[in-house]
Amino acid sequence: MSGRTPALTPPDSALAPVRHPDAPAPGEPIGSHYEHCFGCGGEQPHGLHLAAKAGEGVSVTAEFLVRPEHQGAPGLAHGGLLATALDDTLGALNWLLRVISVTGRLETDYLRPVPVGSVLHLSAEVTAVDGRKIYATAEGRLNAPDGPVAVRADALFVEVKVEHFTENGRPEEIRAAMDDPDQIRRVRAFEVNP
Ligand SMILES: CCCCCCCC(=O)SCCNC(=O)CCNC(=O)[C@H](O)C(C)(C)COP(=O)(O)OP(=O)(O)OC[C@H]1O[C@@H](n2cnc3c(N)ncnc32)[C@H](O)[C@@H]1OP(=O)(O)O
């Protein structure tokens, strides 16, 4: 991690991240945490439909097919959506740490234009943990896992309690998620829900 701003540079007291014993095995799909999530949910027709997989250590990978509805300039991906793709991939790291955390800061570099029709191969890893602060980095490569880096980001996630969601989310959606008869979906929406 380059840690260009002080807030993204782990202090000397920060610890190496520890993969939780119940983390999904390397290569295992992580699955969507919430079907209406713009990043990974299946119920968002224009969403990014990211499918993350657990990696080695405290890392994940994901792929994002850039579709026409993701354009900014003609034929090119919108920069905000590329930041969303990085953010969502970073968020999936929660499942490796088994910690609930949210993005506090996300600093993105745009290195190459990303045409519609590209597949962005995303990867993210936690670099350090300091109390509730989780330092992480992510990158997106064009059309192959070893393709040129098009976007990258450094991020600080902050651990929160489940009340962060239940007390701040709009009651309609919170109630609907809590009343979901599918127990696995219900637990995923709130157990480690970024
Ligand atoms: C499958 C995965 C999908 C993932 C989706 C992607 C994840 C997301 O997009 S989450 C949604 C976007 N994020 C949010 O909505 C978060 C909104 N912000 C908040 O709720 C709060 O500001 C929150 C929780 C981040 C921090 O608040 P709070 O819990 O009161 O903690 P606070 O005491 O202020 O900060 C804790 C530490 O983090 C640091 N910190 C907090 N925010 C920042 C920031 N923006 N930049 C730098 N440092 C920060 C503080 O300085 C403090 O450090 P220290 O302990 O050294 O003093």
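**Val 162 and beyond**

Mentor: Val 162 is partly exposed, because its relative accessible area is 26%. Buried means under 20% relative accessible area, exposed over 50%, and partly exposed in between, with a 1.4 Å probe and protein chains only.

Trainee: What should I know about the source of this?

Mentor: This is a predicted model, where local features need pLDDT of at least 70, side-chain atom pairs count only at pLDDT 80 or more, and totals for chains, interfaces and linings use all residues. Residues are numbered from 1 along each chain as its sequence is written, and side-chain values use heavy atoms, with hydrogens and water left out.

Trainee: Where does Val 162 lie?

Mentor: In the loop between β6 (149-159) and α3. Helices (H or I, at least four residues) and strands (E, at least two) are DSSP runs, numbered from the N terminus.

Trainee: And what does Val 162 touch, not counting residues up to four places away in sequence?

Mentor: Ile 100 and Phe 190. Contact means heavy atoms within 4.5 Å.

Trainee: Phe 190 came up. Which residues of α5 are buried?

Mentor: Helix α5 covers residues 183-190, and Arg 188, Ala 189 and Phe 190 are buried there. Their cover includes α2 (94-97), α3 (163-166) and α4 (171-178).

Trainee: What happens at the start of α5?

Mentor: A side-chain oxygen of Asp 182 comes within 2.9 Å of the backbone nitrogen of Ile 184.

Trainee: Switching to another Asp. Is Asp 88 buried or exposed?

Mentor: Asp 88 counts as buried, because its relative accessibility is 18%. Asp 88 sits in helix α1 (residues 79-91). Leaving aside neighbours within four places in sequence, Asp 88 is in contact with Cys 37, Gly 39, Cys 40 and Leu 50.

Trainee: Zoom out. How many helices and strands does the chain have?

Mentor: 5 helices and 6 strands. Along the sequence the pattern is β-β-α-α-β-β-β-β-α-α-α.

Trainee: How much of the chain is buried?

Mentor: 43% of the 194 residues. Of contacts between residues at least 6 apart in sequence, 66% join residues at least 24 apart.

Trainee: What box do the C-alpha atoms fill?

Mentor: Roughly 45 × 40 × 30 Å, taken along the principal axes.

Terms used: A polar contact is a pair of N or O atoms within 3.5 Å; within protein, one must be able to donate a hydrogen and the other to accept it, and residues adjacent in sequence count only if both atoms are side-chain atoms.
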